Amino acid sequence: MSNPNLIWNKEFETMPREELRKLQLQRLKQTVERAYHKVHFYKAAFDEKGVKPEDIESLDDLNKLPFTMKKDLRDNYPFGMLSEPLENIVRIHASSGTTGKPIIGAYNSNDMNAWGEAMARVYTACGATSKDVVQNAYGYGLFTGGLGFHLGAERIGATVIPAAAGMSQRQLMLMEDLGTTVLTCTPSYALSLAETMAEMGISRDRLKVKCGIFGAEPWSEGMRAQIEERWQIDAYNIFGLTELGGPGVACECAYKSEMHIWEDHFLPEIIDPNTGEQLGYGQIGELVLTGLTKEALPIIRYRTRDLTVLNAEPCACGRTHVRMDRIKGRTDDMLIIRGVNVFPSQIETAILRVPDLEPQYVIIVDREKSVLDNLEVRVEATESLWSGGEAAREAAARQVNKEFQQIVGMTASVKIVEPKSIQRSEGKAQRVIDKRSL
Ligand code: ADP
Ligand code: ZN
């Protein structure tokens with residue numbers, strides 16, 4: 001556990017909730033004014049709902065405002081959502097955008113400052129200080145991960161190694177030679193690097209790494225246990241998205257119990273994804289975020305499609321900002337198999353409850369004879385299970401199925417595959433192959 005007393009910005013991170021709410025309202029009003037008067041898209045959307053910036057008198061009025069969807073950002077590609085001329089913009093990023101045009105992120109110098117602040121809080125919450133050596137193995141480039149983590153590491157005065165994703169052997173060499181203490185990358189890449197460490201025969205005591213800050217893709221508690229065991233580090237979860245500026249929207253503190261959302265910068269809501277109704281704390285639904293300090297590209301009630309729960313209970317670390325649970329899934333990665341809703345995260349949880357399996361898997365969905373959906377899960381065996389023979393492998397497959405059935409209430413066709421046969425990831429892992437849509 002990192003030092004729970006380390007807090008980057010005590011004034012804001014531990015602000016009494018009443019005061020925080022006042023600040024949120026003041027910032028919300030500013031953002032709404034800016035959006036309405038400077039971005040044509042917002043003016044049109046507000047007008048259609050018959051709402052004006054002056055109608056926001058309290059935080060409860062938030063639900064009068066229209067939602068912003070991914071499609072809106074795409075339709076206004078590249079600069080339609082900007083509230084300022086390009087001359088004021090100092091940075092552009094873009095989301096991976098596997099289909100069609102990407103989503104643009106644009107930052108003026110105040111936005112960069114706020115992003116650096118959010119990321120500085122992240123590092124500090126995970127126990128990093130100016131004494132640390134941060135090896136940043138997120139992808140550099142248009143993706144917000146690399147440069148976002150870089151910015152925060154510099155802000156806290158740490159020594160940052162911009163290693164970028166990939167070239168795993170070199171990562172391990174740098175880690176040993178430069179005395180890396182903090183590793184930042186996707187959780188799937190952290191696992192892959194742990195394998196490289198073993199393959200290169202580097203013993204753990206030659207490395208100084210003490211913690212890792214992992215995000216950008218879903219991962220389970222079981223995966224955390226695997227990473228912490230293989231690396232002998234504390235592994236922290238961080239959340240963010242390009243639309244809200246990048247990584248650093250929320251992060252775990254020393255207690256590793258859910259992620260604090262930096263609420264002086266981001267106003268969270270949970271809604272029912274079907275009706276759009278606001279839900280309360282403790283209820284699972286879609287996370288909706290409003291940027292409270294975003295200037296160049298104001299974002300109001302952005303529907304993230306990420307499913308989670310908010311928790312407003314005070315945290316032992318002293319931060320007053322609400323916490324969000326691990327992402328349970330995305331409304332758009334939910335698989336509907338024979339009418340049952342299944343999230344890849346539930347499959348991962350089932351796999352990691354069974355010993356002797358590697359946390360490496362792919363999910364293949366197919367429709368046999370165009371009537372029945374078939375859910376196939378391929379999981380890698382450990383070396384010892386693989387050499388243990390057919391019967392042991394079948395027992396492991398049955399065990400996964402039993403766990404899966406307990407979680408989801410249906411069965412899958414589980415295949416135990418050879419160690420190292422599933423493609424390793426350097427960035428966001430691709431774990432689902434849905435052949436039905438091909
Ligand atoms: P893209 O949408 O192209 O993947 P982003 O990098 O902006 O680009 O991805 C943001 C999304 O990544 C989030 O909406 C969420 O679904 C996912 N994500 C980010 N961090 C986490 C995390 N810690 N746990 C689960 N999902 C995450
Ligand atoms: Zn906390």
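Predicted model: local features only at pLDDT ≥ 70, side-chain atom pairs only at ≥ 80, totals over all residues.
A residue counts as buried when its relative accessible area is under 20%.

**Zinc site**

Four protein donors hold the zinc ion (ligand 2): Cys-253, His-260, Cys-315 and Cys-317. Their distances from the ion run from 2.1 to 2.3 Å. The donor atoms subtend angles of 102 to 116°, so the arrangement is tetrahedral. Along the sequence, the spacing of the donor residues reads C-x6-H-x54-C-x1-C. Distant parts of the chain are linked here: His-260 sits in strand S9 (residues 259-261), and Cys-315 lies in the loop between strand S14 (310-311) and strand S15 (323-324). These two residues are 55 residues apart.

Both have a computed accessibility:

| Residue | Relative accessible area | Class |
|---|---|---|
| His-260 | 0% | buried |
| Cys-315 | 10% | buried |

His-260 is buried because its value of 0% falls under the 20% limit. Cys-315, at 10%, is buried too.

**Nonpolar cores**

In soluble globular proteins, nonpolar side chains tend to be buried together. The largest nonpolar core here has 67 residues. Tyr-42, Tyr-123, Phe-239 and Met-324 have the most contacts inside it. Helix H5 (residues 109-125) gives the most to this core, with seven residues. A second, separate core has 25 residues, including Leu-335, Ile-347, Ala-396 and Ala-412.

Which residues does Tyr-123 touch, not counting those up to four places away in sequence? They are Ala-128, Val-134, Phe-149, His-150, Gly-152, Ala-153, Ile-156, Thr-184 and Ile-213.

Conventions
Residues numbered from 1 in each chain as written. Chains lettered and ligands numbered in written order. Heavy atoms only, no water. Core = buried A, V, L, I, M, F, W, Y, C linked by side-chain atoms within 4.5 Å. Buried < 20%, exposed > 50% of the residue type's maximum accessible area, 1.4 Å probe, protein only. Helix = DSSP H or I, 4+ residues; strand = E, 2+ residues; numbered from the N terminus. Contact = heavy atoms within 4.5 Å. Donors = N, O, S within 2.8 Å, 3.2 Å for Na, K, Ca; no water. Tetrahedral: all angles 85-135°; square planar, octahedral: opposite > 155°, others 65-115°.
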